[in-house]
Amino acid sequence: MSQAKAQDPAPHTREWTPRIVAFLCNWCSYAGADLAGTGRNQYPPSVRVIRVPCSGRINPIYIIKALVDGADGVMVSGCHPGDCHYLAGNFYARRRFTVLKRLLTTMGLSPDRVHFTWVSASEGARFAGVVREVTEKVAALGPSRIMKGGDMDEL
């Protein structure tokens, strides 16, 4: 009788995937993310979703803090311009984000790590596509070098 040799499995190699924090408007983008889930639209699981009342209420400091605390990228998504539940919140957000991109460049951070998009509640497939696209763009930049030591799993 021969004894079967136990073979060591191939060494575990973990491919790096970017950690993305997504601030999503409650009324449109979060509902779009929910629709993506119920519609079984696949997107990278490395996205951490934070539900906010409106994209216009996101303080740019939250975006910078997410990057400093270890996120490789940040995505902000709200209602399409003109369709805001709070009438003009997404217009305020769009202005803030334009200024934020310039501030990130001044700080020496790549503005390409921050993405802004508009997704409605009925666009689950679009949400999944946007998340894939943002993940690919951030992955092309590589890991963020500004991590302060935060643990993204705590979010």
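Trainee: Which residues in α4 are buried?

Mentor: Keep in mind that this is a predicted model. Burial is read from relative accessible area, with under 20% as the cut-off for buried. In α4 the buried residues are Gly124, Phe127, Ala128, Val130, Val131, Val134, Thr135 and Val138. They lie on the same side of α4, because they cover an arc of only 160° around the axis.

Trainee: What does the face of α4 turned away from the buried side carry?

Mentor: That face carries Glu136 and Ala140, which are exposed.

Trainee: How many residues does α4 have, and how far does it reach?

Mentor: The helix covers residues 124–141, which is 18 residues. From the first C-alpha to the last it reaches 26 Å, close to the 26 Å expected at 1.5 Å a residue. Just after α4 comes Gly142, with a positive phi of about 90°.

Trainee: Which residues of α1 are buried?

Mentor: Ser29, Gly32, Ala33 and Ala36 are the buried residues of α1. Seen down the axis they fall within an arc of 100°, so they line one face of the helix. Their cover includes β1, β3 and α4. Just after α1, Arg40 has a positive phi of about 60°.

Trainee: And which residues are buried in α2?

Mentor: Helix α2 spans residues 60–68, and Ile63, Ile64, Ala66 and Leu67 are buried there. These residues line one face of the helix, because they fall within an arc of 155° seen down its axis. They pack against β1, β3, α3 and β4.

Trainee: Now the strands. Which residues of β3 are buried on one side, and which on the other?

Mentor: In a regular strand the side chains alternate between the two faces of the sheet. A strand is therefore read one face at a time. In β3, Gly73, Met75 and Ser77 are buried on one side, and Val74, Val76 and Gly78 are buried on the other. Both faces are covered, and the count for the strand is six buried residues of six.

Trainee: Which way does β3 run relative to β4, and how many bridges join them?

Mentor: Pairing is read from bridges between the strands. β3 and β4 run parallel and are joined by five bridges. Ser77 has Thr117 in β4 as its bridge partner, while Gly78 stands opposite Trp118 in β4. β3 also pairs with β1 in the parallel sense, again over five bridges. There, Phe23 stands opposite Val76 in β3.

Trainee: Why is β4 described as largely enclosed?

Mentor: Four of its five residues are buried, so the rest of the structure largely encloses β4.

Trainee: Let us turn to single residues. Where does His80 lie?

Mentor: For a single residue, ask for its location, its accessibility and its contacts in turn. His80 is in the loop between β3 (73–78) and α3 (89–107). Its relative accessibility is 23%, so His80 counts as partly exposed.

Trainee: Which residues does His80 touch?

Mentor: Leaving out residues up to four places away in sequence, His80 touches Asn90, Trp118, Val119, Ser120, Glu123 and Arg126. With Glu123 there is a side-chain polar contact of 2.9 Å. His80 and Cys28 are 52 residues apart in sequence, with their C-alpha atoms 8.3 Å apart in space.

Trainee: One more loop residue, then. Is Ser46 buried or exposed?

Mentor: Ser46 is in the loop between α1 and β2. Its relative accessibility of 13% is why it counts as buried. The side chain of Ser46 reaches the backbone oxygen of Pro18 at 2.9 Å. Leaving out residues up to four places away in sequence, Ser46 touches Thr17, Pro18, Arg19 and Ile20.

Notes:
Residues numbered from 1 in each chain as written. Predicted model: local features only at pLDDT ≥ 70, side-chain atom pairs only at ≥ 80, totals over all residues. Heavy atoms only, no water. Helix = DSSP H or I, 4+ residues; strand = E, 2+ residues; numbered from the N terminus. Buried < 20%, exposed > 50% of the residue type's maximum accessible area, 1.4 Å probe, protein only. Contact = heavy atoms within 4.5 Å. Polar contact = N/O pair within 3.5 Å; in protein donor to acceptor, adjacent residues only side chain to side chain. Expected span 1.5 Å × (residues − 1). Arc of directions from axis to C-beta. Pairing = 2+ DSSP bridges.
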